[in-house]
Amino acid sequence: MNQPLAYVHPGAKIAKNVVIEPFTTIHNNVVIGDGTWIGSNVTIMEGARIGKNCNIFPGAVIAAVPQDLKFGGEDSLAIIGDNCTIRECVTINRGTIASGQTVIGNNCLIMAAAHIAHDCHVGDNAIIVNGVLLGGHVTVGNYAVIGGLSAVHQFISIGDHAMISGGSLLRKDVPPYTKAAKEPLSYVGINSVGLRRRGFTLEKIREIQNIYRILYQKNYNTTQAIGIIEAEMEATPERDEIIDFIRNSSRGVMKGYTGNY
């Protein structure tokens with residue numbers, strides 16, 4: 001890691017086999033795990049915690065202070081898990097007093113020019129495509145995929161295994177296992193291809209489809225649909241996850257698409 005054209009603050013804790021390319025700056029109070037590669041012209045600021053075997057490409061800025069006028073200089077973190085790829089010019093801000101940290105899980109791919117704002121929590125194996133903007137306090141589930149140039153309003157939740165079409169504007173929560181597209185953003189089916197790739201059985205996929213048919217295609221309101229699902233469908237982890245997500249949604253969930261599927 002000894003690179004004479006990079007600056008590493010003496011207070012940073014860098015594993016011995018980390019590679020740091022020229023013209024990169026690493027500030028105090030930074031921890032970087034084994035096997036990570038830091039490309040040229042990367043800036044890693046105070047409060048960064050970066051895991052093992054990550055790749056951070058040129059121009060990325062990790063753990064800059066939040067773009068939040070309420071931020072008062074409090075100590076906070078930007079935490080990146082293991083085996084993550086952070087592509088060119090990605091910006092990941094650290095947290096505020098609200099939660100104290102911005103968190104990226106393990107095995108995530110954050111593509112070029114994406115922005116992840118303060119207090120966001122991104123689950124494991126998520127893919128955030130080029131130019132995506134996450135407002136503050138956004139939650140992204142495990143294996144979720146957000147298409148390029150999408151903009152996500154602050155405090156939005158995106159469920160596990162959800163897939164968001166490119167260029168989307170997210171103003172409502174997106175339940176797990178769904179596909180979301182159109183304008184305004186709407187339910188357009190479940191992410192059956194992604195679920196098959198991740199080992200979900202045909203029976204489990206049909207169960208999830210049946211749940212969302214009741215929610216989105218039977219002309220029930222949300223309260224009625226949840227009551228029917230609880231009364232008529234066997235309790236499973238997936239059923240309960242969907243119900244809990246909808247009940248805990250603070251902004252409300254996206255609506256069903258009224259056109260042809």
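This is a predicted model: local features need pLDDT of at least 70, side-chain atom pairs count only at pLDDT 80 or more; totals for chains, interfaces and linings use all residues.

Guide: Residues are numbered from 1 along each chain as its sequence is written, and side-chain values use heavy atoms, with hydrogens and water left out.

Visitor: Why are α2 and α3 called roughly antiparallel?

Guide: Helix α2 and helix α3 (residues 222–232) pack at an angle of about 150 degrees, with axes 8 Å apart. Angles over 145 degrees count as roughly antiparallel, under 35 as roughly parallel, 65 to 115 as roughly perpendicular and the rest as oblique, so α2 and α3 are roughly antiparallel.

Visitor: What makes β10 and strand β13 a pair?

Guide: Two strands pair if DSSP finds at least two bridges between them, and β10 and β13 (residues 91–93) have 3 bridges in the parallel sense. Val61 stands opposite Thr91 in β13. Strand β10 (residues 61–64) also pairs in the parallel sense with strand β7 (residues 43–44), over 2 bridges, and there Thr43 stands opposite Val61.

Visitor: Which classes of residue make up the lining of the largest pocket?

Guide: The lining has 6 nonpolar, 4 polar and 1 charged residues, where Ala, Val, Leu, Ile, Met, Phe, Trp, Tyr, Cys and Pro count as nonpolar, Asp, Glu, Lys and Arg as charged, and the others, Gly among them, as polar. Among the lining residues are Leu215, Tyr216, Ile246 and Lys255.

Key. Helices (H or I, at least four residues) and strands (E, at least two) are DSSP runs, numbered from the N terminus. On a 1 Å grid over the protein atoms alone, a cavity is a set of points where a 1.4 Å probe fits but cannot get out, and a pocket is an open set with protein on both sides within 12 Å along at least five of seven lines; lining residues have an atom within 4 Å of a point. Axes are lines fitted to C-alpha atoms, for helices over the stretch in contact, and angles run from 0 to 180 degrees between N-to-C directions.
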